[in-house]
Amino acid sequence: MNGNLKLALQKKGRLTEKSLELLSLCGLDIENYSERLVVSVRNFPLDILFLRDDDIPEYVQDGVADIGIVGENVVYEKQTGTKVLEKLGFGRCSLMFAYPEKNELKKIEDINGKTIATTYPRILNEYLKKNNIKAKVIELSGSVEIAPSLGVADLICDIVSTGNTLMMNKLKKSFKVFESEAVLISAEEKLKDPKLNEILNDLLGRIRSVKTAHSSKYLMMNVPKDSLETILEIIPSLKSPTVLSLAEENMLAVHAVIPSDKFWQIVNDLKSAGASGILLLPIDNLIQ
Ligand code: ATP
Ligand code: MG
């Protein structure tokens, strides 16, 4: 016990790079981690444990790690009782039904009586129960997409992001069962050890600031003095915009932090209101 907070990350897989990138944006200087199980952070009281993603909820629940980063799909499938502290906005994917192209699946009820292969039996069974569907569920540990062509199942329920694997196996996407993204989990909402809890809160604060910063942009433009009011009404600012005077007397500079996805919706309105020299800049961190 060195008093550091212990974070479990996926050792090698789809979540590894993005998880490390998030920690680095939080200002954490992580030691070179290649092939090591535990790695320390040089400038923050955190140890990182690299594990198989399937094991993360259990290790967190058992206290081997205090917190973990893992897909919601794994959290809900394992049902170990861990709590989701924060959604992280990466590793997005969906658990969906897919069936051989030559067949038809128009409505959910058509699944009645069918055999479904999946690596997510718990999430699937819960979904079937909720929708009042009786079907046979076969649990496989991988390569679910080949089950229909082997004659083992009529359809599958699997993670889909781009759909390429499905296409290669002549399967068609159908109803969505579950949507997932990477989340930060812990055994309890608040860690028992107050010191560790303090470290966790510091880390959570940094993660939230990175998340807001990434979904925000810094907008700068010049506007004629008499259209200032119209311009301020258009800007969906997180807080009051900054207005600065310019050398040119009838013009002002307006700066504001806006949600990134709003920019293209407002840019034409800004231009019609007389804004010029519109600049949109990325933000590294945003502490509110
Ligand atoms: P491990 O060896 O750690 O058990 P794995 O093969 O089970 O790895 P990955 O394929 O690396 O897991 O996926 C990890 C997580 O990434 C998934 O549980 C899911 O939350 C998320 N994910 C995002 N996109 C996809 C995708 N296209 N296919 C599968 N998982 C995805
Ligand atoms: Mg796994």
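Author: Happy to! In this predicted model, 38 residues line the largest pocket, and those nearest its centre are Arg14, Asp53, Asn73, Tyr120 and Ile159. Here a pocket is an open set of points on a 1 Å grid over the protein atoms alone, with protein on both sides within 12 Å along at least five of seven lines; a lining residue has an atom within 4 Å of a point. Helix H3 (72–78), helix H4 (121–130), strand E9 (155–160) and helix H6 (164–168) are the elements that each give two or more residues to this lining, and H3 contributes the most, with 4. These elements are DSSP runs, numbered from the N terminus: helices (H or I) have at least four residues and strands (E) at least two.

A word on conventions: residues are numbered from 1 along each chain as its sequence is written, while chains are lettered from A and ligands numbered from 1 in the order in which they are written. Because the model is predicted, local features need pLDDT of at least 70 and side-chain atom pairs pLDDT 80 or more, whereas totals for chains, interfaces and linings use all residues; side-chain values use heavy atoms, leaving out hydrogens and water.

The largest pocket has a volume of about 1200 Å³, meaning the space filled by probe spheres set on grid points joined across faces, edges and corners. Its lining divides into 10 nonpolar, 15 polar and 13 charged residues. In this count Asp, Glu, Lys and Arg are charged; Ala, Val, Leu, Ile, Met, Phe, Trp, Tyr, Cys and Pro are nonpolar; the others, Gly among them, are polar.

Around ligand 1 are 15 residues, the closest being Arg52, Asp53, Asp54, Asn73 and Ser161; to be near, a residue needs a heavy atom within 4 Å. This shell holds 4 nonpolar, 6 polar and 5 charged residues.

Among the polar contacts (pairs of N or O atoms within 3.5 Å), an oxygen of ligand 1 lies 2.8 Å from a polar backbone atom of Arg14.

Terms used
A polar contact is a pair of N or O atoms within 3.5 Å; within protein, one must be able to donate a hydrogen and the other to accept it, and residues adjacent in sequence count only if both atoms are side-chain atoms. On a 1 Å grid over the protein atoms alone, a cavity is a set of points where a 1.4 Å probe fits but cannot get out, and a pocket is an open set with protein on both sides within 12 Å along at least five of seven lines; lining residues have an atom within 4 Å of a point.
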